[in-house]
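Trainee: Hi, could you walk me through this one? I'm new here and would like to start with a single residue.

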Amino acid sequence: MKNYNKTLFACFTGYIIQAIINNFAPLLFLTFQSSYGIPLSQITLLVTFNFGIQLVIDLLSAGLIDKIGYQHSMLAAHVFCAAGLLFMTVLPEILPDAFAGLLLSITVYAVGGGLLEVLASPIVENCPTDNKEKAMSLLHSFYCWGHVGVVLLSTLFFKIFGIGNWKVLTVIWALLPILNFILFLKAPFPEADSGKENSLPVKNLVTQRLFWILMLLMLCAGACEQAVSQWASTFAEKGLGISKTAGDLAGPMLFAILMGTARLIYGKWGDKINLNQFMRLSGFLCLFSYLIISLSPHPVFGLLGCGICGLSVGILWPGTFSMAAANIRGGGTAMFAFLALAGDLGCMSGPTFVGFVSGAFGDNLKIGIFAAVIFPLLLLAGLYAKNAVVKKLTNSKLP
């Protein structure tokens with residue numbers, strides 16, 4: 001029996017790296033805007049490209065990872081993550097167009113982020129653990145704590161050394177995927193221990209109605225989370241008129257802390273919590289938070305809404321993964337890849353939708369976030385549809 005503790009630790013660290021990939025650049029949006037003269041409409045495309053590239057990687061990896069192997073794919077993911085972060089410090093300066101340099105850098109690290117998203121969950125799922133749902137929620141909680149660390153440490157760095165030294169901090173963040181690369185070189189991988197003879201063919205997977213409902217849930221989970229997360233710093237600083245330091249701490253960090261708390265709660269007591277009820281309650285709470293953020297006239301309530309949103313979306317992503325693993329047996333790597341694809345489509349469409357709607361109304365982020373209530377509404381509809389299909393399937397199997 002192999003000891004997979006090192007593998008689990010490396011996967012948890014991989015999700016911290018995923019948090020760096022998705023949440024460090026948004027702290028610099030206004031810096032990019034002022035330093036390179038990039039308008040908000042183009043800044044929005046940085047978010048779109050990041051999650052768009054991750055989406056493409058999710059799609060391409062569905063049939064490739066089993067052939068290449070978990071280890072080689074995971075090592076490649078860390079190389080792309082480190083390279084993209086390092087490129088971000090030099091390409092905007094040496095290319096004729098700074099925006100093109102940022103896009104190219106983000107494209108490179110988004111490849112790594114997409115691979116991490118596809119790989120970490122099935123690796124943890126295949127590692128021998130007592131409670132798969134708790135392990136999955138704990139894994140995804142590390143994304144939140146990574147998000148907290150990115151915001152807190154970056155904010156402290158900017159406060160002490162100045163925002164002008166953001167490139168130094170970017171190089172420091174690039175060290176983490178390099179170190180985790182070394183850890184993964186020495187970690188055992190469960191793919192050799194988990195046979196693939198029971199895996200569903202992709203054509204059988206995509207013909208299941210339940211699979212497409214779960215895909216909708218993943219899309220909405222990503223959109224509900226990132227529609228606020230990606231704009232929290234800019235919203236706090238620009239929309240509420242507070243300083244960058246206060247905006248970063250009160251906006252995205254509060255969001256990440258409460259999102260991580262929700263995942264930690266389920267990771268610890270998940271075996272005693274009804275996942276369906278938890279997901280439904282989270283959907284209603286997410287809808288409520290969007291209305292607070294967009295309709296509240298006072299900055300304090302707007303920031304409180306960001307925190308409530310983080311608490312509400314915490315279980316949505318790992319909860320959908322757990323529902324898929326429990327209800328579609330033999331889905332394998334392909335199922336996780338397609339679910340990650342749907343989640344990244346949501347991560348891309350949520351903040352992009354907010355950005356474009358806000359831009360159409362004079363860069364008013366409150367209006368953009370109000371329009372995004374469509375995502376928690378679709379999530380709630382998907383949950384009711386999923387429960388109906390599962391109930392019907394269960395009844396059909398009864399004698």
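Mentor: Happy to. Leaving out residues up to four places away in sequence, Tyr290 touches Ala223, Cys224, Ala227, Val228, Cys309, Ile369, Ala372, Val373 and Pro376. Contact here means heavy atoms within 4.5 Å. This is a predicted model, where local features need pLDDT of at least 70, side-chain atom pairs count only at pLDDT 80 or more, and totals for chains, interfaces and linings use all residues. Residues are numbered from 1 along each chain as its sequence is written, and side-chain values use heavy atoms, with hydrogens and water left out.

Trainee: Which core residues have the most contacts inside the largest nonpolar core?

Mentor: Phe24, Phe32, Leu46 and Tyr290, in a core of 122 residues. Helix α7 (residues 98–126) gives the most to this core, with 14 residues. A nonpolar core is a set of buried Ala, Val, Leu, Ile, Met, Phe, Trp, Tyr and Cys residues joined through side-chain atoms within 4.5 Å. Buried means under 20% relative accessible area, exposed over 50%, and partly exposed in between (1.4 Å probe, protein chains only).

Trainee: How many helices and strands are in the protein chain?

Mentor: There are 19 helices and zero strands. Both are DSSP runs numbered from the N terminus: helices are H or I with at least four residues, strands are E with at least two.

Trainee: And what share of the residues is buried?

Mentor: Of the 399 residues in the protein chain, 57% are buried.

Trainee: Let's switch to α11. Why is it called largely enclosed?

Mentor: Because 17 of the 21 residues of α11 are buried. Its length agrees with expectation too: at 1.5 Å a residue, helix α11 (residues 209–229) should span 30 Å, and its end C-alpha atoms are 30 Å apart. The expected span is 1.5 Å times one less than the number of residues.

Trainee: What about Lys386, buried or exposed?

Mentor: Lys386 counts as buried, at 4% relative accessibility. Lys386 is found in helix α19 (residues 374–397). Beyond four places in sequence, Lys386 touches Leu210, Ile213, Leu217, Asn276, Met323 and Asn327.

Trainee: And where does His147 lie?

Mentor: In helix α8 (residues 132–161). His147 is buried, with a relative accessible area of 1%. Leaving aside neighbours within four places, the contacts of His147 include Ala19, Asn23 and Met259. The C-alpha atoms of His147 and Gly260 are separated by 9.0 Å, though these residues are 113 apart along the chain.

Trainee: Last one: how many disulfides does the structure hold?

Mentor: Zero, a disulfide being a pair of cysteine sulfur atoms within 2.5 Å. Cys81 counts as buried at 0% relative accessibility, and Cys144 counts as buried at 0% as well.
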